[in-house]
Every structure is written in C-alpha cells, then in structure tokens.
Amino acid sequence: MCWHETSFGLYFIRNALQDGEHDKALMGALASNGCGRTMFELVPATPSLSGSQSAYIVRNLILATLPEADFALLRPHLRRVSLRRNDILHDAFRCPDAVYFVESGLISRVVRSPKDGAVEVANVGRCGFIGVSVVLGTMIAIQRTVVLVPGQALGIEAETLRGLMVERPSIKEHLLKYVQVLMALKAQIAMCNAKHELSERLARWLLLAHDMIESDVLPVTHGLLADALGVRRPGVSVALAQLEAQGIVARTRGALRILDLDGLRRSGCECHQVVRDRFRPFSGMPDHQHSL
Ligand SMILES: [Zn+2]
C-alpha cells in the first residue's frame with residue numbers, strides 16, 4: 001500500500017498491485033461504449049453552450065439541479081478530482097476534509113467488521129455525492145467510501161461548503177434531498193439482501209451500476225461482486241453463469257458486458273425500480289447545464 005496526497009490534502013490509500021494499464025483499457029472501453037441511456041431524462045433549463053466554447057459542463061445530478069444563484073456560490077470552490085480504483089475517499093469515524101460530487105465512475109459505501117470483512121450498503125455515481133456527514137453537520141463519516149470504477153468528481157473543501165450552507169440555506173435544503181434518497185436506497189438494499197435470492201440481488205446490483213456509470217460495460221469481477229453482495233464467490237459465479245447461458249451478459253477481459261438489458265431487468269427483483277423511483281424529487285428538476 002502507498003499513500004497519495006490530493007489537492008485537498010486528503011490521503012487516499014492505493015493498492016500497490018493496482019493494474020494501471022487495465023484501468024486505461026477499461027476507461028477506453030467505457031468511453032467508447034456510451035449507451036446513451038441516462039438514469040434520468042432531465043430537461044435543459046438553458047440552451048447548451050455553442051461548440052466554440054470549451055467550458056466544462058457539470059454532469060452531477062445534484063449540482064446540475066441546483067439553481068444558478070446557488071451554484072454560483074459553489075463554482076469558485078469546485079475542483080476537478082480524479083477518482084482512481086481503490087481510492088478511499090472517506091473512512092468511517094473520520095472527519096471528512098472535502099465533499100465529492102461524482103461526475104463519473106462508481107463509488108461503494110461499505111461497512112466492515114474484523115470478523116466478517118466488508119459489505120456494500122450503497123453505491124454512488126453521478127446521481128450523488130460523498131460527504132453526507134458534512135451536510136448533516138456531524139462531520140464524522142458513517143462508512144468507508146471506496147472507488148470501484150475510476151472516474152471524476154468535483155470536490156469542495158468541507159469547511160467551505162459548511163460556510164456556504166450557512167450563508168445560503170437553500171443549498172443545504174437541496175443537498176438534504178439527496179441524503180433522504182440515500183437513506184431510502186440503503187433501506188431497500190437491506191431489505192433486498194435479507195429477502196431476495198442471490199440471482200435477483202446480482203441483477204439488481206448490475207442494473208444500478210449500469211444506471212450510474214451509463215455504460216453496458218461494467219468493470220467488475222466475480223470477487224468484487226461477491227464482496228459487494230456479501231456472499232461467497234462461488235455463488236456469484238453460478239448466478240453469473242446462468243445470466244451468460246441466457247445471453248443476458250457476457251464476460252470480457254476484467255469486465256462484464258450487458259447484452260440484454262430487458263432480460264436483466266426480468267431477472268431482477270423489484271428493488272431496482274424502487275430505487276429509481278426514490279430519485280424522483282431530482283428527476284423532476286431542470287438541468288441547469290452549469291459550467292465551470
Ligand atoms: Zn431486491
């Protein structure tokens with residue numbers, strides 16, 4: 001393990017065995033495989049910038065739906081941050097230095113115990129942010145957050161955001177809407193893990209990951225899926241083999257490709273749709289196409 005200092009002074013733990021070349025290939029596959037389907041069909045509130053302008057347009061759902069007057073206060077403080085596989089953004093029981101609005105990639109929220117290891121309780125993509133404790137004001141992270149799929153985020157110093165939320169309470173009210181969504185997501189996943197078959201839970205996980213990274217190529221291994229679902233690897237292998245036999249997914253190098261999205265939906269439980277419905281407060285808001 002080695003340590004990497006970010007622009008926020010945070011220290012990410014990085015796995016020394018990480019295969020950087022694999023990540024490059026993976027990101028290329030993701031970039032070339034944009035499926036064009038988004039989790040939410042937001043309506044642009046302002047015209048898109050012309051081609052001659054090269055401003056960065058915010059993709060994060062929570063920021064994109066923030067009214068311009070509120071976003072204008074955040075804009076000078078937002079910094080683009082690369083999210084690399086296995087980066088730990090926040091750790092449980094630690095005070096977060098920054099809040100990360102995910103632009104791309106996939107983050108896993110995990111709980112851990114010395115006896116049982118780690119299990120995922122939720123994941124976060126461009127429809128969420130990392131740093132709930134900053135918004136709540138407790139300033140103690142509840143879970144560890146680990147990057148599963150590399151991507152980018154817009155980061156802001158925790159103390160800066162705290163100050164802006166005091167100055168402009170409407171920013172905090174907006175961010176709290178996501179906190180409620182996250183609580184509902186965790187509750188649904190807890191119910192799913194307790195009551196639904198492994199094959200259904202696996203389909204639910206793959207469908208949510210597909211929504212969040214917006215690609216038919218999911219860079220996941222059997223081991224990662226077993227960890228995420230809190231089960232043994234052979235069980236995941238059996239469930240994946242069934243999906244492969246039905247032509248729903250195919251294994252590629254270090255990844256899974258979804259071949260039949262409707263088939264995957266039929267294989268899953270109702271939890272995927274329930275989680276999507278929980279995001280309705282945001283899906284009804286306009287996309288303000290904020291630029292940096
Ligand atoms: Zn379920």
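In what order do the strands of the open sheet of 4 strands run? I read 4-9-6-7, with antiparallel pairing. Strands pair here if DSSP finds at least two bridges between them. From one strand to the next the twist averages 40°, using axes fitted to C-alpha atoms and angles from 0 to 180 degrees between N-to-C directions.

Before going on, I noted that this is a predicted model, where local features need pLDDT of at least 70, side-chain atom pairs count only at pLDDT 80 or more, and totals for chains, interfaces and linings use all residues. Residues are numbered from 1 along each chain as its sequence is written.

I checked strand 6 (residues 106-113) against strand 9 (residues 144-149): they pair antiparallel over 5 bridges. I107 has V147 in strand 9 as its bridge partner.

I found V236, A239, L240 and L243 buried (20 or more other C-beta atoms within 10 Å of the residue's own, placed from the backbone). Down the axis of helix 9 the buried residues fall within an arc of 100° (directions from the axis to the C-beta atoms), so they line one face. On the other side, P234, V238, A241 and A245 are exposed (12 or fewer).

Last, I looked past the end of helix 9: G247 follows, with a positive phi near 75°.

Terms used. Helices (H or I, at least four residues) and strands (E, at least two) are DSSP runs, numbered from the N terminus.
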